[in-house]
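Student: Can you walk me through this one? Keep it quick.

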Amino acid sequence: FADQDDYWIPSKLFYSISQIKKHKADVCGSRTFYTDKNLNKTGESILFKKKLCLENSLVQSIAGGNTQLWSKKFNNILKKIKNKNPASHDWYIYQVAELLDFKFLYIKKPLVYYRQHGNNVIGSNLGFLNTLKRIYWGFSGRYKKWHDMNKIHLFYILSYFRINKNKNKLVKNFYEYRNSSLRIRIYKILKELKIYRQTKKGNLMLFF
């Protein structure tokens with residue numbers, strides 16, 4: 001994906017391709033440098049350390065679309081998916097890769113200057129104000145809407161492709177439990193399905 005207001009460091013494509021080959025991956029995405037509108041660095045995206053898997057992808061996007069690169073084989077799969085109205089394009093790629101057993105590589109080196117300005121749709125998740133913004137999104141139903149949007153392409157994939165039995169069950173149970181009582185939601189999703197986000201703060205917000 002080419003987010004046109006961002007800036008790729010000169011080695012982005014070469015380094016991404018080399019890492020995909022080295023790790024025999026199908027898709028990759030990296031961390032980013034946060035910048036102001038004039039590309040002055042203001043920080044780096046969070047370094048994620050936990051395992052990448054379907055359990056994580058159901059509730060979290062791992063790398064910005066402006067950092068992602070994938071193989072022709074994976075691209076041919078994307079072309080076959082008809083229902084495409086995900087909550088976000090970067091999250092969509094991570095979910096499709098994990099559901100269809102394509103290896104997603106998370107590159108710890110920032111490869112993009114991610115320009116932060118008033119028109120960002122999502123933007124940085126660092127800092128107290130951004131945390132408050134995401135808490136507000138949770139209570140206002142924004143995350144629920146996003147999960148409802150993602151359900152469309154996830155269930156389409158379950159019906160169109162031959163999916164690992166355990167992954168098929170995981171997705172269906174996740175969406176079933178979302179409509180259960182509060183106690184069942186918390187226990188079933190976090191304990192039974194072992195759904196998680198990459199950071200302690202992220203998991204606390206997921207709990208709430």
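Student: Ground rules before we start?

Tutor: This is a predicted model, where local features need pLDDT of at least 70, side-chain atom pairs count only at pLDDT 80 or more, and totals for chains, interfaces and linings use all residues. Residues are numbered from 1 along each chain as its sequence is written, and side-chain values use heavy atoms, with hydrogens and water left out.

Student: How many helices and strands does the protein chain have?

Tutor: Nine helices and five strands. Both are DSSP runs numbered from the N terminus: helices are H or I with at least four residues, strands are E with at least two.

Student: And in what order do the elements run?

Tutor: From the N terminus, the order is β-α-β-β-α-β-α-α-β-α-α-α-α-α.

Student: What share of the residues is buried?

Tutor: 45% of the 208 residues in the protein chain. Buried means under 20% relative accessible area, exposed means over 50%, and partly exposed is in between, with a 1.4 Å probe and protein chains only.

Student: What about the accessible surface of the chain?

Tutor: About 12000 Å², with 56% of that belonging to carbon and sulfur atoms. The areas come from the Shrake-Rupley method with a 1.4 Å probe; for residues, only the protein chains shown count as cover.

Student: What part of the contacts joins residues 24 or more positions apart?

Tutor: 73%, taken over contacts in the protein chain with a separation of 6 or more. A contact means heavy atoms within 4.5 Å.

Student: Switching to helix packing. At what angle do α6 and α7 pack?

Tutor: Helix α6 covers residues 142-160 and helix α7 covers 165-177; the angle is about 150° and the axes are 11 Å apart. Axes here are lines fitted to C-alpha atoms, for helices over the stretch in contact, and angles run from 0 to 180 degrees between N-to-C directions.

Student: Which residues make that contact?

Tutor: On α6, H147, N150, K151, L154, F155 and L158. On α7, N168, V171, K172, F174 and Y175.

Student: Is N168 buried or exposed?

Tutor: Buried, because its relative accessible area is 18%. N168 touches L158 and I163, leaving aside residues up to four places away in sequence.

Student: New topic. Where does Y114 lie?

Tutor: In strand β5, residues 104-115. Y114 is buried, at 18% relative accessible area. Y114 and T35 are 79 residues apart in sequence, yet 5.9 Å apart in space, C-alpha to C-alpha.

Student: Which non-glycine residue has a positive phi of about 50°?

Tutor: K24. K24 sits in the loop between α1 (12-23) and β2 (27-35). Its relative accessible area is 73%, so K24 is exposed.

Student: What is phi for K194?

Tutor: Near 60°, a positive value in a residue other than glycine. K194 is in the loop between α8 (182-192) and α9 (200-207). K194 counts as exposed, at 55% relative accessibility.
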